[in-house]
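Visitor: I would like to learn how to read the charged contacts in a structure like this one. Could you take me through them slowly?

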Amino acid sequence: MHIRQLNVQYQPGQDRILTRINTSAGQEFRLWLTRRLCLGWLPALRKVNAAAVQRSLSQEESGMAASDPQVREMLGEFQRQRQLDAADFNTPFVEAAPGLPVEELLVSELSMTPQPDGPTQLKFAAPLPGSTQKRELQAQMDGRMLAGFLHLLENAFQAAQWGEASDTQSLPAATAAERPTYLN
């Protein structure tokens, strides 16, 4: 699938993030992402994006970055900003043509496979109702698209006021005695 456009927005009525993908073939896919899924996935996506940014540095920049971790971080941030500056965040999202089906998935599983010298492969999976089978959507994102997607996802995460992924992962688990009890 060749991605033409991405749109990521928080939907307060659903308390989910809706990711809409337009393909060059005119198809539209809608992926619903829950808070729980995003909390676990966002830190991993940041690491994959940082690695993709490091791979995209020129040979001269890579030589400078190898000598000092602080320089590597600054060059990586500069490259990420260059990718975001090249992205088009102003063009309105094009709705699917009338009559064409729109695929919707409530994503329950997500996997990423970074390619050594190529795009990152993302696989979104959702269970089929009343079945053990799953519907899957696979997409490949180059470094620029991955940086843009991460930027849009972080903006939606902030709009949702879900906090930072690292904030919630450090909380200790409550014991059975500490859990609240609800009565009807």
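**Reading the salt bridges**

Guide: At 21% relative accessibility, Arg-30 counts as partly exposed, because buried means under 20% relative accessible area, exposed over 50% and partly exposed in between, with a 1.4 Å probe and protein chains only. Residues are numbered from 1 along each chain as its sequence is written, and side-chain values use heavy atoms, leaving out hydrogens and water. This is a predicted model, in which local features need pLDDT of at least 70 and side-chain atom pairs count only at pLDDT 80 or more, while totals for chains, interfaces and linings use all residues.

Visitor: How many salt bridges does a search of the whole structure find?

Guide: A salt bridge is a side-chain nitrogen of Lys or Arg within 4 Å of a carboxyl oxygen of Asp or Glu, and the search of the whole structure finds six.

Visitor: With which residue does Arg-30 form a salt bridge?

Guide: Arg-30 pairs with Glu-28, their closest N and O atoms lying 2.7 Å apart, and Glu-28 counts as buried because its relative accessibility is 1%. Glu-28 also forms a salt bridge with Arg-20, where the closest N and O atoms are 3.3 Å apart, and Arg-20 is buried as well.

Visitor: Which residue meets Arg-135 in a salt bridge?

Guide: The side chain of Arg-135 meets that of Glu-103, at 3.9 Å from N to O. This pair links distant parts of the chain, 32 residues apart, with Arg-135 in strand S7 (residues 134–141) and Glu-103 in strand S4 (residues 102–106); strands are DSSP runs of E, at least two residues, numbered from the N terminus.

Visitor: Which residues do salt bridges with shared partners join into one network?

Guide: That network consists of Arg-20, Glu-28, Arg-30 and Glu-104.

Key. Helix = DSSP H or I, 4+ residues; strand = E, 2+ residues; numbered from the N terminus.
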